[in-house]
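Work through the exercises below with the structure in view. Try each task before reading its solution.

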Amino acid sequence: MFRARINLWAVVLWLVLPAGLYALVLRLVRGLGVSTALSDSFPWGLWVGFKLFAVALAGGGFTLAAVVYIFNIHRYRPVLRPMVLTALLGYSMFIVSLIIDLGRPYRVWHPVIMWNPHSVMFEIAWCVMLYTTVLFLEFVPAVFERLGWQRPLGWLHTAMIPIVIAGVILSTLHQSSLGSLYLIVPGKLYPLWYSPLEPVFFFTSSLCAGLAMTIFESWHSNKAFGKHLEFSLLAGLGRVLAVLLSVYLTVRFLDLVHRGVLPLLKLPRTETYLFLFEAGLLVAAMVLLYQRWVHTHPAALYLSAVLVLLGLVANRMNVAITGMQASSGTYYFPKWTEFAITLSLVASAFALFWLAVKYLPIFPAGEVVPAKRPARAPEALTELIHAGS
Amino acid sequence: MALLYDATLCIGCKQCEQACAEQNKLRYDQKTAAETVQSDHKYTVVLTKGDKFMRRLCMNCQDPACASVCPVGALRKTAAGPVIYEEDRCMGCRYCMVACPFSVPKYEWGKTLPKVRKCTMCPDRVLAGRPTACAEACPTGATSYGERDDLIAEARKRLRDNPASYINRIYGVNEVGGTSVLLLSSVPVEEFGYPVALPTEPMPVLTYRALSHIPDLVTVGTVLLGGIWWITNRRSEVAEAEKNESDIDKDKKEK
């Protein structure tokens, strides 16, 4: 069973990475026109949507850092480092896809010296630069521990509280500013998604995404590494997630009521169906997370987390693509190249996570049970890497 | 400075299109002339509907969304009126294209290293005190060039003198806080794709309202988080100390 699953992942990697690499070459050599379905009428597409949720899924990094370091709830320390790693990978995916999406990738550094503080995009650029640095500092102790470098570990330990506070503030700014991006398009974004509260929605939902990602990842780490899963811990997170989701959904519902756009749901339009799809996933997850039996069944808790993640992916894609479709006057559907690059980034992130867990103290010592079953994936990966070079 | 386009005077000769192409060193032939959308190689178009005409070009807003959203300040409103583009700064994020309420900025999708393209209201000519290429080329005075206030006064006069020939609206006086291109027409401008449900306040206000909270959020957030840490840290220190004390008590009792 284990072996079959790992081989399946290797097959996915084998299919996706070469396609992604070819797509990347096309993108860099021939330009955006050839490699994407984007146009003057639809200048932002799948890659922007992907960036929005890559960052949302990284929400667990700052949420758990705040829980452990600021609120001093040490029970959650075992899940902190995996979440910081996830966040670091999420931000790396953001940066790489941003560079690929930019018309002139080599100018990505321009916001460092060319300032426009009135631009949300400028704020995002700075938040990404600074918070990625923070994430690196939060993560690098794992590397130092592995190498046995005690002195830099000590320095970082001393500086950790200010680093974490900076990280929480920067994340709050960044998560909300991704929503603020859309404040300037009241006439273009469909009213089911356009709201003056967009920054609040993006921030609140990133907390939900972060917690759901924690549950999601712990479950998979348990399956893959036989990591002893502290289930009571995850059930606790599940309850917090239920409350946060309720708050998020209530505020979103009230916002729809106050803006008087609920009647739009009577229209038989693509937007209506995709909005209901998004809302349905999140409401289902919320209802599940309030059930007592869910908190005693790992698989049910995992399923609820998956529903939350899918619902939020749907939300980000709806904001970035579905909601912008009608006003654009065109129909945008991503080209294979856009999918190939996006999937390659996801696959690379999974592979890097795997390698990090394999070679660095990501999970607390003793919790990773040394391979009872043959650990096939890293070997498959090494083979891949050798084949690629 | 500004432009006033009076559609009732336009004869659809497209000399403005040609002059614009020459000014911006773009190819202009029969094929280009037939194109009815603004693009990376055509910054202004004259649209035809029956015997009615309408121009589309960059509105050169008074407080432009494109300039406010550009992270590197590549787009800028000049005091003289034109909204200019400094291509050496642009990194190609295309936020200007998304943000523009008139969807004016276009992109060179076919190029490996593309630029944003749009009408920039002939900044070189305007700074030299000359009218834009399109206004200079217009044989009927449909596109006229002058101070914005003078053009608004002129437009009001035309509406007053000939109320039957016009829709009673000067498009661009109040839209998104005002634009440097003003339109007069005998048919509703929305029939030619102009958005009409626009706010009268400048678009950048929408994002600035959110962005202006950042300094306070950072300050208050830091104090709040620091404070929470101070309390929880103290709490765990006390817990630690009490645990040690009870351990000592236990040791004493055992002795």
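**Exercise 1.** Find what the buried residues of H11(A) pack against.

Solution. The partners are helix H10 (231-258) and helix H12 (298-328) of chain A. Helices (H or I, at least four residues) and strands (E, at least two) are DSSP runs, numbered from the N terminus. Next, list the buried residues of H11(A): A:Leu274, A:Phe275, A:Glu278, A:Leu281, A:Leu282, A:Ala285, A:Met286 and A:Leu289. Buried means that 20 or more other C-beta atoms, placed from the backbone, lie within 10 Å of the residue's own. Now look down the axis of H11(A): the buried residues fall within an arc of 130° (taken from the directions from the helix axis to the C-beta atoms), so they line one face of the helix.

This is a predicted model: local features need pLDDT of at least 70, side-chain atom pairs count only at pLDDT 80 or more, and totals for chains, interfaces and linings use all residues. Residues are numbered from 1 along each chain as its sequence is written, while chains are lettered from A and ligands numbered from 1 in the order in which they are written.

**Exercise 2.** Describe the extent of chain B.

Solution. The C-alpha trace spans about 110 × 45 × 35 Å along its principal axes. Chain B holds nine helices and nine strands. Of its 255 residues, 41% count as buried.

Key:
A residue is buried if 20 or more other C-beta atoms lie within 10 Å of its own, exposed if 12 or fewer, and partly exposed in between; C-beta atoms are placed from the backbone. Two residues are in contact if their C-beta atoms, placed from the backbone, lie within 7 Å.
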